[in-house]
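Try each task yourself before you read its solution.

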Amino acid sequence: MSVQRTPMTRPGFEKLRAELERLKRVERPAITKAIGEARAHGDLAENAEYHAAREKQGFIESRIAELERKVGNAEVIDPPTQGERVTFGSTVLLQDGDGKEVRYQIVGSAQTHPAQRRISILSPLARTLIGRTVGDTVTAQLPGGARRFEILDANFPL
């Protein structure tokens, strides 16, 4: 059984790795210290500080495990910086049927952030755009219905 690799841009990978290191080197030791201090206060059955610290420790350990899995399964792909073909990591400038322009970067699912215009490679719009070139008009089946877009530019720096 092979492990499925998750495509990720280099900045997204570095961000996850930095969070993982911070949790391991800063947060984990701090919560261990807080638990030790709370234990020193005596009866653990009615010690709210101890229970809060243990709960926080659970969240931290869970996040560390999740990040280790994501970082371990990551396939880092550097986005193109030029060219007219839309690929993973591309930043595309689209114009919809109303003439409104919108920019998206196609990223891995772990990096998706719609408010920052980063859409998942698995999204209907990204799947429609992959492999197309500047000047193409595409119709994407989106949750709100079919929408037409013209690709104005691709692979320009953010």
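**Exercise 1: Arg117**

Keep in mind that this model is predicted.

Solution. Buried would need under 20%, and exposed would need over 50%. Next, find its place: Arg117 sits in the loop between S4 and strand S5 (118–120). Now look at the backbone. Most residues other than glycine have a negative phi. Arg117 is not a glycine, yet its phi is positive, about 60 degrees.

**Exercise 2: Leu16**

Task: find out where Leu16 sits and which residues it touches, skipping those up to four places away in sequence.

Solution. First, Leu16 belongs to helix H1 (residues 10–39). Second, its relative accessibility is 9%, so Leu16 counts as buried. Third, its contacts beyond those skipped places are Met8, Arg63, Leu67, Lys70 and Val71. Finally, check a distance: Ile35 is 19 residues from Leu16 in sequence, and their C-alpha atoms are 26 Å apart.

**Exercise 3: The cores**

Task: which residues touch the most other members of the largest nonpolar core?

Solution. This core has 18 residues, and the ones you want are Val86, Val92, Leu94, Tyr104, Ile106, Leu125 and Leu129. Strands S3 (91–96), S4 (101–107), S6 (137–142) and S7 (145–154), plus helix H3 (124–129), each supply at least two residues of this core. Apart from it lies another core, of 15 residues, including Leu16, Leu23, Tyr50 and Ile60.

Technical notes: Residues are numbered from 1 along each chain as its sequence is written. This is a predicted model: local features need pLDDT of at least 70, side-chain atom pairs count only at pLDDT 80 or more; totals for chains, interfaces and linings use all residues. Side-chain values use heavy atoms; hydrogens and water are left out. Buried means under 20% relative accessible area, exposed over 50%, partly exposed in between (1.4 Å probe, protein chains only). Contact means heavy atoms within 4.5 Å. A nonpolar core is a set of buried Ala, Val, Leu, Ile, Met, Phe, Trp, Tyr and Cys residues joined through side-chain atoms within 4.5 Å.
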